[in-house]
Amino acid sequence: MNMGWGQAAAGRLTALPSWTVHAGFALLLAATAVFGRTITLESSNLALVWPAAAIHFLWAVWGLRSRRDLVIALIAAVPVLAAVTLVTGLGSALVAGVVLGSTVQTVIAAFLLRRLVPHVGVRNVGDYLRLGGIALVACSVGGLLVVGADALGGGLSPASVFVPWLIRHAVSLTAIGSLGLVLATAISVRASGTAAPKSRVRPLEHVLIAFVSIALYTTTFGADTALPISYIAIPVHMWAGLRLLSGWAMLHGLASGGILLFFTVAGRGPFQELDGGTAAYVAQSFMFIAFSLSAVLALSMDERQRLITGLYRANEEAEASAALRDLVISRMHDGVLVSGPDGRPVFQNEMSARWLGPWTAQPAEVWRRGYDVTTVNGEPLTDADEPLTLALQGVVTERLDLDLTHSDGHVVYLSVDAIPLPDEQGAVVVTRNVTDDRMYQRDLGRFASVVAHDLMTPLTVFDGWLEMLEDPDLPVAEQQASVARLQQASLRMRNLIRNLLVYSLAKEERLAPSHLDVTDIVEGIIDLRTALRGRDVPLVRFHVRTAHPVYADERMFLQLVENLVGNALKYGRTDGTAEITVATSLDAATGRTLISVRDNGIGIPEADLERVFDDFHRAENGLGRASGTGLGLAICRRIAVSHGGSISVANVPGGGAEFTISLPAGPDHLPAGVAQTDADDVSMVPAH
Ligand code: ADP
C-alpha cells in the first residue's frame with residue numbers, strides 16, 4: 001500500500017538535480033554544525049557532540065559518484081564549516097585546524113569506505129564494524145591535525161583536544177553515518193522498484209516501542225536524583241534491535257540518545273553528580289553503546305531474514321528446475337534409467353519402462369525381465385558385460401548394441417550407453433531404440449544383393465549364350481532356344497529397372513485421372529500374366545467382381561493392380577489350388593471405392609503386416625518363394641496416397657493375404673491441390 005508513494009518519493013529523491021543535493025547537504029551541514037557548536041565544553045570552547053562530521057562524510061560519499069561532485073562537496077564544505085566556527089567564537093588557528101582536520105578526515109573515511117565496503121552501504125554487522133574502524137582511523141588523523149593547528153595557536157594540552165575530537169567525531173561518523181548509508185540504500189532500493197525488505201512488526205508495535213522508550217528514558221535520565229540505573233534502558237534497545245528493520249532501529253537509538261543527551265546537559269539523571277564535560281562524554285558513550293546494540297541486532301536480524309528469503313527462493317528454483325528436468329526426461333525419446341550405488345532404482349522414464357519393463361528393486365535384474373538379451377552376434381549377454389553392473393564399477397559403456405527378444409517373439413534392438421555418476425553415487429543407463437534403423441539396414445542389404453543378382457545373372461547368361469551363338473555349326477533349334485533365353489533375361493533386367501524407375505517417379509509424378517474401366521484393366525493384366533506363366537505352371541483360378549467406379553490415373557492404376565496380382569501369384573499356392581479374387585466395394589464412410597486383391601497363399605507374419613509397405617522390406621516367409629526387391633508394395637502405397645487414399649493388408653482366415661486400397665470414385669475424391677490435368681495441359685500449349 002505505501003509501496004506506491006514510497007517508490008514515487010524515492011524516485012523523486014534519486015532524480016533530484018545534483019546542485020539541489022549539494023545545496024541540501026550544505027544546509028544540513030550548517031545546521032548540524034550550529035547545533036554542535038551550541039553544546040560546547042565551557043573549558044575548551046569545543047563542541048560536545050558533532051553530527052556535522054557524519055553529514056560531511058555522507059556528502060563526500062554521495063559525491064563519490066563523480067569526480068566533479070566529490071570536488072564540489074569537499075570545497076563547498078570549507079566555507080560552511082569556517083563560517084559556523086568563526087561566528088561561534090573559535091580562534092582563527094583552531095578554525096583552520098577544524099576545517100583542515102574535518103576535510104582530511106572526510107576524504108580518508110570516504111575512500112576507505114569505498115575500498116573496504118565496495119557496495120558503499122551498511123548491510124550487515126561486518127559493514128557496521130568496518131565503518132567503526134574506518135571512523136577511528138580517519139578521525140584520529142583529523143584529530144592530530146586539529147591538535148597541530150591548536151598548538152600553533154598556543155592552545156590547550158594536546159590530549160584535551162584530541163580525545164574529545166576522536167570520541168565525538170568517530171561516534172557521529174559511525175552512528176549517524178551508518179543510519180545515513182542505510183537510508184540511502186533504502187531510497188535507491190525503493191526507487192528501483194525492487195521489493196523492499198518487509199517490516200517484521202505491525203505499526204502498533206512501532207508506536208509501543210516509541211512510547212516505552214520515551215517513558216523509560218524520561219524517568220531514568222530526567223530524574224532529579226542521581227540513581228545509577230541507566231542500564232534499565234538497555235532492554236528497550238534489545239527490543240528495538242530484534243524487532244525493527246535496521247534503519248528504524250538506528251533511528252530509535254539516535255532519538256533515545258538525543259533525549260539522554262538533552263537531560264544530561266540539563267544536569268539531570270544518573271550522571272548529574274559528575275562534572276559537565278565528563279557527564280556529557282559518559283552519556284555519549286552510553287548512547288553509542290545502546291545505539292550499537294540495536295544496530296548490530298537489527299543488522300543481523302535483517303541479514304538472517306535475507307538469508308532465509310534467499311534460501312526459500314533457491315529452494316523454489318531448485319524444485320522448479322527439477323520438475324522441468326523430470327518433465328523433459330519423461331518426454332524424451334531415449335530411455336533413461338538412474339540407479340543408486342547399490343544397484344537399486346532411483347529413476348526410470350517412460351521410454352525405458354516401455355522397452356525394458358518397469359524396474360523393481362532387485363539389483364542387476366534390469367536386463368533379465370521377460371526377455372532374452374543378446375549381443376549383435378547373437379551371444380547371450382554375460383553378467384560381466386552388463387552395462388549397469390559395469391557402470392557401477394566405474395566403467396563407461398558406449399553405444400553397445402543389444403537385442404531384446406521378448407517372450408512373445410518380438411525383438412527390440414537397443415543401443416545402450418551407461419555412465420557412472422560422480423562420487424560413486426550410482427549410474428545412468430541411456431537406451432535408444434534402433435529397431436527401425438536396424439530393420440532398414442537389413443532390408444537395404446537384402447535389396448542390394450537382389451539388385452546385384454538380378455542385374456548380374458542375366459549378363460552372365462548373355463555372355464554364355466552369345467558365345468554359343470558364335471558357333472556356326474549350332475543347330476537352328478538350339479539357336480532359337482538361346483535367343484528365347486536371352487530375351488527372358490533381358491526382360492528380367494528391364495522389369496527390375498522399370499520397377500526402380502516407377503518407384504522413384506510414383507511420388508513426384510503428376511496425376512492424369514480419368515474414369516476407368518476397372519474390369520477391362522484387371523482382366524487384361526490377368527490374361528497377360530497367365531500367358532507369361534507358360535503351360536507347365538499349375539492353374540490359378542481368378543474371380544473378378546469389379547462393378548464400382550474408379551477415378552484415377554490409368555497408368556498408375558495399372559501398375560497398382562499389376563503389383564498386387566503379381567504378388568498374389570508369387571506368394572500364392574503352387575499346387576493347383578490357388579485362387580485370386582479381385583473385387584470392388586463401396587466405402588460407406590467416405591463414398592470412395594475399395595479395391596481388394598485376395599489370395600489363399602502363404603500370408604504375412606503378424607510382425608511384418610505393418611512393415612511390408614516400407615521401402616525394401618521383405619518378410620522372411622516369402623524370401624525362399626520368389627525373388628523381389630521389396631519395392632512393389634512401397635510403390636502401391638505411394639500410388640494410393642497420391643490419390644488421397646490408403647492401402648492396408650490383413651491375413652485371410654484359413655491362409656492367404658488380402659490387400660485393400662481406397663481410391664477415388666469420382667473427381668470430388670481427389671485430394672486438394674491435384675491438378676485438373678486436362679485444363680493444365682491445354683494452358684501449357686503456346687498460344688499461336
Ligand atoms: P517383393 O515382392 O519384391 O519382395 P513387395 O514390396 O511387393 O516386394 O512385397 C513386400 C513383401 O511383402 C514381400 O517380400 C512378401 O514378403 C510380402 N508379400 C507381398 N504380397 C504378399 C502376398 N500376397 N502374400 C504373402 N506375402 C506377400
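The structure is a predicted model, in which local features need pLDDT of at least 70 and side-chain atom pairs count only at pLDDT 80 or more, while totals for chains, interfaces and linings use all residues. Residues are numbered from 1 along each chain as its sequence is written, and side-chain values use heavy atoms, with hydrogens and water left out.

The side chain of Asp326 meets that of Arg325 in a salt bridge, at 3.3 Å from N to O; the term denotes a side-chain nitrogen of Lys or Arg within 4 Å of a carboxyl oxygen of Asp or Glu. Arg325 is likewise partly exposed, at 47% relative accessibility. The structure holds 11 salt bridges.

Another of these pairs joins Glu562 and Arg529, with the closest N and O atoms 2.7 Å apart. Helices are DSSP runs of H or I with at least four residues, and strands are runs of E with at least two, numbered from the N terminus. Arg529 is partly exposed at 24% relative accessibility.

The chain has 20 helices and 13 strands. Buried residues account for 42% of its 688 residues. Along the principal axes, the C-alpha trace spans about 150 × 80 × 55 Å.

Definitions and conventions:
Buried means under 20% relative accessible area, exposed over 50%, partly exposed in between (1.4 Å probe, protein chains only).
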